[in-house]
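Here is a short report on one structure. Take a look at it first, then read on.

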Amino acid sequence: MIFKSNGFKLAIAVLIGVIVFILPRPEGTKFKLSGTGADQLSQSVSQYFSTQQTAPDKPVILTAKAPGVEQARAKYLVDQAKAMGLSEVKVDYVDGMPPKAKRFLAVLAVLVVLFVVEPIPLEITAVLIGASLVILGLTDVKGAWAPYMHPVVIFIMCCLIFAIALDRVGLTKRLGYYIIKKAGNSVTKFTFIIAMGLGISSSFMHDAAACAIGIVTMLPLMRAVGIDPHTNTAKFMMLSLPFACSCGGMGSLIGGGRCMVAAAFLKEFTGIEITFFDWIKYCMPAAIICVPAVVLIVYLIYRPDPNIKLPAFDEDLGPMTAVEKKALIIIGAAFISWLTKGLHGLDYSVTGAVAVAGLVLFGVLKWRDINDNLEWGTALFIFGGGISLGLAMGYTGAADYFANLFFPLIEGKGWLVLFVGVGVFGALVTNAMANVAAAALILPIVIPMAQLEGVNPTILALCLGMATSFAMLLVIGCPPNAIAYSYKYFKSSDLTKLGLVTTPALLLILVGVVCTWWKFLGLI
């Protein structure tokens, strides 16, 4: 049918963008003047604007006396500044939407539809982000493409290469055998051990890589005992793993791109840096609680058949080989360098890249191994495109517009209301697009809101990094979901059914941990 064709879906996406583009743009009534000559300009337009000076040598806030007339628009102020030769005066919107923000929202509308219905590969959609920003005059070429090689992107690529190395040298096989010896032949015990073990491990390796390692370990056993697709046993095993890895990924900066993006944007917009150790200190307790909690919920929803027994393996893998030891030493050294960034000051991407070079130089990997196994499109384009999109929301003024639009809803209600609102919104939005993109889009909006409310923006950066880990309603919500679904052991509706239970439960756990642990640490 034509309605299911990719061409039709693409046309709908473009149509929605056009509709957003032609909708009236809210001009607002307040404008901010800054720079040399701001006071002079404010006096010259006093017939049409009332003036509020925040402090000496600070920006001047103008409020239109008769909103809607030509002289109550930002264009009038810009024209007046030019006529008076005040070239250093900058006119910014306070409660209105700048023209650039309107064009950005049109691009965003198209991209969201493309991310949800996927009429074209997501990697191509991500590439179009940078192209669209330049074509519509929102930034220059460098501003559009530089985020695609942001340090966060390089860092994530290094994490994925580490996972390739662990699998290549055989450490994943050794992991599977170890778990079987501990779990015996119990499906339930085996699944709890591997899901919880890799879930917590996801804090220190990319959650997608941890999920992939777990599935590669699990599948041969499932096939050996004849666990059929779409049975409760298959659903329990194949859904526990991605959900646990998603929850565990929030435990440290390297668990998922969303954490690094949240930390990077906090530094970009406020200058506040969350170190590797800081993130672990604040978020690891939540990960440790959420991982077993989500596996337990999966068990209660999809109870496995107790009569199914896993096979026993008596094969002795022998002592670790030299190449396995080299892989562990090099990757371990990288983790230690990330933990001690506060001492040496080297960015995570730099030490990660050195470790990748070490894996090749010492014979753990060949370049062909990396080239053939790394998901370049995901690592480079999707993560980079998400960062480019989020930065654009900031410099076009869209973030400030939404912050001022929604601020009255939470004004005076304190950090907890803001935290819960951001958490729920983040957990929902991250199902419709990559969690990196979701974090990159939401954080530029909520940081100004936090600053207006007098709330430490670090709280919201941490909140968003954790809440966007709960992408459990749609298969496309996060890479672990998509990886598990690709083996066709469950339907997408099975994941959604489970996500409707796990998402609110995990958000409640998150709020409980924050209200106790962060209070103990003095963050709130």
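Is Tyr-282 buried or exposed? Tyr-282 counts as buried, because its relative accessibility is 13%. Buried means under 20% relative accessible area, exposed means over 50%, and partly exposed lies in between (1.4 Å probe, protein chains only).

First, some ground rules. This is a predicted model, where local features need pLDDT of at least 70, side-chain atom pairs count only at pLDDT 80 or more, and totals for chains, interfaces and linings use all residues. Residues are numbered from 1 along each chain as its sequence is written, and side-chain values use heavy atoms, with hydrogens and water left out.

**Aromatic pairs**

A search of the whole structure finds 18 aromatic pairs. Rings of Phe, Tyr and Trp (its six-membered ring) pair if their centres lie within 6.5 Å; planes under 30 degrees apart are stacked, over 60 edge-to-face, and the rest tilted. Two of the pairs involve Trp-518.

| Pair | Centre distance | Plane angle | Class |
|---|---|---|---|
| Tyr-282 and Trp-518 | 6.2 Å | 75 degrees | edge-to-face |
| Phe-419 and Trp-518 | 5.8 Å | 90 degrees | edge-to-face |

Tyr-282 lies in helix 13 (residues 276-301) and Trp-518 in helix 24, so their pair ties together parts 236 residues apart in sequence. Phe-419 lies in helix 20, so its pair with Trp-518 links parts 99 residues apart in sequence. Helices (H or I, at least four residues) and strands (E, at least two) are DSSP runs, numbered from the N terminus. Trp-518 has a relative accessible area of 0%, so Trp-518 is buried. Phe-419 is buried as well.

Elsewhere, Phe-162, Phe-276, Phe-335, Trp-338 and Tyr-348 form one aromatic cluster.

**Two helices in contact**

The axes of helix 20 (residues 414-429) and helix 24 (residues 492-521) come within 11 Å and cross at roughly 150 degrees. Axes are lines fitted to C-alpha atoms, for helices over the stretch in contact; angles run from 0 to 180 degrees between N-to-C directions. The contact (heavy atoms within 4.5 Å) includes Phe-419 of helix 20 and Trp-518 of helix 24. By class, this contact has twelve nonpolar, two polar and no charged residues. Ala, Val, Leu, Ile, Met, Phe, Trp, Tyr, Cys and Pro count as nonpolar; Asp, Glu, Lys and Arg as charged; the others, Gly among them, as polar.

**A strand pair**

Strand 1 (residues 30-34) and strand 3 pair in the antiparallel sense over four bridges. Strands pair if DSSP finds at least two bridges between them. Lys-32 has Ile-61 of strand 3 as its bridge partner. Strand 3 (residues 60-64) is mostly covered, with four of its five residues buried.
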